[in-house]
Amino acid sequence: MNEKNLKRLEYFKILEQLVSFAASPLGRERILALRPIFDSPVICRWQDEVSEGRKLLRLDPTAEMGGWKDIRSQLQRVGRGAVLEPKELIATADTLTAGRIIKGFFSERQEEYPLLDIYAFSITPLPDLEKQIKKAIMPDGEISDQASPLLTQIRRKLAKAQLDIRDYLENIIRSPNYQKYLQDPIVTIREGRYVVPVKIEYRAQVPGIIHDQSASGATLFVEPMAVVEKNNELRRLIVEERQEIERILAALTASVEEFLGEIETSLDTLGQLDFIMAKARYSQSLDAWAPILANRPILDIRQGRHPLLRGDVVPVDIRLGEDFDTLIITGPNTGGKTVTLKTAGLLTLMTQSGLHIPVGENTRVGVFRQFFTDIGDEQSIEQSLSTFSSHMSNIVEIIDRAGRNCLVLLDELGAGTDPVEGAALAQSILEKLHGAGALTIATTHYSELKNFAYARTRMENASVEFDRASLRPTYRLLIGKPGRSNAFEIAQRLGLPSELIEGAKNFLSVEQVQFAELVRNLEKSQQEAETDRANAARLAEEAKAIKDKHEQLVAELAQKREAILSKAGEEARMLVKTAKNEAETAIRELREKISAESARTREKAIQETRGRLSNLQRKARRAVPEKFYGGQVPAKLRAGQEVFLPRFNQRGHVIEPPGEGEKEVQIQVGIIKMNVPIKDLRTVEEPKAGGGQSKVAAMLLDKTRDISAELDLRGQYAAEAMLTVEKYLDDAYLASLPRVSLIHGKGTGSLRAAVHRLLKGHQRVKSFRLGEQGEGGYGVTIVELAN
């Protein structure tokens with residue numbers, strides 16, 4: 001692609017912005033080398049990779065993707081046989097560590113980031129080499145004592161030799177015999193050997209080797225003869241240490257060379273991941289998204305923003321290639337025509353470079369094989385080209401090369417020369433490009449081009465909107481409506497006298513005035529329609545918000561209702577439990593009084609107990625809110641009639657009809673008898689076959705009356721017998737039996753023991769005992785029921 005076209009559309013400014021988001025030289029180099037491509041599958045993959053990068057920034061913002069170094073020069077030196085320095089080896093180890101961490105991160109998240117994991121898969125972890133380097137070299141680049149056993153031994157000897165020399169020299173400088181000979185009581189180093197500062201006039205009194213002299217000449221740095229051999233040993237150990245370090249570095253470099261190919265591949269992959277993440281961060285900064293890649297060259301840009309503009313940018317909608325192939329944009333200067341032109345071209349270039357673009361949803365962009373632009377004033381003094389000549393030179397090249405699958409962007413087509421000739425040339429150029437199958441967007445001031453677009457198929461007019469009230473452009477692109485120059489309005493706003501403007505209007509032809517008035521009315525109608533559309537959209541949003549709020553309130557009320565009912569039910573259960581306990585206590589006290597007192601006292605106790613039970617019933621009714629049920633309350637009740645009890649979701653039969661004025665009736669539900677308010681009953685449709693219901697009721701009443709006073713448990717296991725006894729005691733209690741006999745047999749006594757354990761503390765049992773002579777003896781338990 002011609003670099004001039006990229007420059008005219010400011011593509012390289014996009015790369016300059018993008019490069020600031022890269023974290024490594026490798027990523028920055030890839031960005032600066034980035035150019036648009038024409039392979040649709042590759043473009044799709046690039047776009048998807050950036051989308052995965054955006055997803056990573058959203059889901060794992062703290063993911064560690066850095067920490068590695070650009071070690072390409074070090075790896076090249078290794079390939080040439082050089083030995084790496086300690087800091088170079090540490091940089092290599094850091095890169096291996098970062099690569100291992102990044103590979104592990106994506107290996108654990110293959111489903112979330114499948115495309116990035118493909119790159120991470122090519123990173124080769126080398127943990128042994130990484131540990132080997134970090135064990136031998138400390139982070140600051142110093143060789144560790146643990147780099148090798150020999151180095152450990154040498155350094156131990158070095159430390160001891162240094163300590164011996166310093167101790168000896170310390171004794172000298174502290175000695176009263178030598179202190180008057182020394183310039184300062186210190187031990188220092190000259191030429192790698194330990195020395196003491198001796199006054200020049202006493203050099204004969206301190207025999208040794210002179211290694212240096214002070215600038216003033218008053219001090220000599222003397223190595224006493226007694227430590228010469230010790231210093232020699234120290235120098236020998238230092239040489240051994242240096243040789244061992246060189247051996248260690250050579251060995252580590254050889255290990256790096258062994259995996260040179262793997263390390264180079266891993267480094268290249270890390271650079272590619274940095275390149276992708278830089279594009280993702282740039283996408284995030286622009287609030288950009290991946291467009292839909294169309295299967296043919298078209299533009300359907302929705303709410304597109306120029307990526308180089310900052311602040312409150314007015315988005316534009318641009319269409320090309322579906323309903324029309326040539327778009328002619330007219331309108332006043334500074335109205336945004338050129339920006340619209342550059343926005344269309346730049347967003348297309350970014351798409352084909354695998355970059356996200358700042359657009360709205362459902363934006364579609366096709367792939368173009370060539371881009372041709374003629375934007376801006378490129379007059380050249382050196383080539384003696386005027387503005388018009390410069391434009392024509394570009395257009396000649398465009399006409400020669402443009403065709404299908406090409407995007408042509410022409411700014412101020414035909415400008416810089418006589419308006420009549422310029423307009424004629426512009427029409428001829430557009431017709432040529434249109435016939436060649438190129439997709440073209442052109443901006444112009446010429447009115448002739450408006451009529452030209454109307455008269456051609458697959459050509460369309462457009463304009464940049466102008467607010468006549470404020471006499472300022474709104475920068476919105478209106479496709480399907482030609483623009484006006486608004487020269488008179490702008491001149492009037494800038495202060496040109498009104499009589500001059502009116503005089504200028506007189507020079508217009510009737511057709512020009514009528515056309516201008518038509519365009520003005522169209523513009524006004526479109527602005528009013530868009531205002532109405534915006535109001536309708538706003539009302540729809542408000543209605544939706546009200547609907548959502550209403551649904552939320554309904555849900556909250558339903559939740560509160562459930563909570564209230566649940567709480568009420570719990571309170572009712574507690575109340576029933578309390579009432580049941582109090583009722584049983586009252587019954588027990590009543591029985592005790594009946595058995596112990598006179599008839600008058602018994603009657604009084606019965607009345608008191610009835611009063612307590614009535615109070616409990618009233619409490620229960622007050623505590624539990626009355627619930628309304630559907631259905632019809634029976635008007636007249638008769639014995640044996642079937643009724644429905646909604647509260648219990650059961651059917652029952654009337655035992656005895658209520659008397660006059662009574663509000664309750666006794667109902668038989670299964671084996672249970674209960675008093676139920678008449679208003680809580682509902683009628684049940686009588687079956688067609690008559691007579692059956694009364695027989696069922698009679699059968700249920702007979703079953704209650706026919707309960708035996710004995711229960712034979714012989715032959716049953718303890719667990720089975722317990723269930724049988726439980727049910728039997730309930731039936732006997734409802735049948736008002738005072739005493740029952742449980743036959744368990746004598747046997748081993750295990751069944752008798754299980755029965756007695758059940759009877760102890762049972763709420764239906766007043767007392768129990770073993771049978772006497774004539775009652776069955778130890779094989780029978782006599783139970784007194786607490787009726």
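Trainee: Does Tyr 282 count as buried or exposed?
Mentor: This is a predicted model: local features need pLDDT of at least 70, side-chain atom pairs count only at pLDDT 80 or more, and totals for chains, interfaces and linings use all residues. Residues are numbered from 1 along each chain as its sequence is written, and side-chain values use heavy atoms, leaving out hydrogens and water. Buried means under 20% relative accessible area, exposed over 50%, and partly exposed in between (1.4 Å probe, protein chains only). Tyr 282 has a relative accessibility of 2%, so Tyr 282 counts as buried.

Trainee: What kind of pair do the rings of Phe 21 and Tyr 282 make?
Mentor: A search of the whole structure finds 6 aromatic pairs. Rings of Phe, Tyr and Trp (its six-membered ring) pair if their centres lie within 6.5 Å; planes under 30 degrees apart are stacked, over 60 edge-to-face, and the rest tilted. For Phe 21 and Tyr 282 the centres are 5.7 Å apart and the planes lie at 55°, so the pair is tilted.

Trainee: How many residues apart in sequence are the parts that this pair ties together?
Mentor: Helices (H or I, at least four residues) and strands (E, at least two) are DSSP runs, numbered from the N terminus. Phe 21 lies in the loop between helix H2 (11-19) and helix H3 (25-32), while Tyr 282 lies in helix H12 (residues 260-286). So the parts tied together are apart in sequence by 261 residues.

Trainee: Which residue makes a polar contact with the side chain of Asp 300?
Mentor: Asp 300 lies in strand S6 (residues 299-304). A polar contact is a pair of N or O atoms within 3.5 Å; within protein, one must be able to donate a hydrogen and the other to accept it, and residues adjacent in sequence count only if both atoms are side-chain atoms. At 3.2 Å, the partner is the side chain of Arg 302.

Trainee: Where is Gln 303 found, given its positive phi?
Mentor: Most residues other than glycine have a negative phi. Gln 303 is not a glycine, yet its phi is about 55°. Its place is strand S6.

Trainee: What is the relative accessible area of Asp 287?
Mentor: Asp 287 also has a positive phi, near 55°. This residue sits in the loop between H12 and strand S5 (292-293). Asp 287 is partly exposed, because its relative accessible area is 44%.

Trainee: How far apart in space are Lys 69 and Thr 95?
Mentor: Lys 69 lies in the loop between helix H4 (40-59) and helix H5 (72-79). Contact means heavy atoms within 4.5 Å. Leaving aside neighbours within four places in sequence, Lys 69 is in contact with residues including Thr 95 and Leu 267. Lys 69 and Thr 95 are 26 residues apart in sequence, but C-alpha to C-alpha they are apart by 5.7 Å.

Trainee: Which ring does the charged end of Arg 190 sit over?
Mentor: A charge sits over a ring if NZ of Lys or CZ of Arg is within 6 Å of the ring centre and within 35 degrees of the ring normal. The charged end of Arg 190 is 4.1 Å from the centre of its ring. That ring belongs to Phe 221.

Trainee: What percentage of the residues in the protein are buried?
Mentor: The protein has 23 helices and 23 strands. It has 787 residues, and the buried part makes up 40%.
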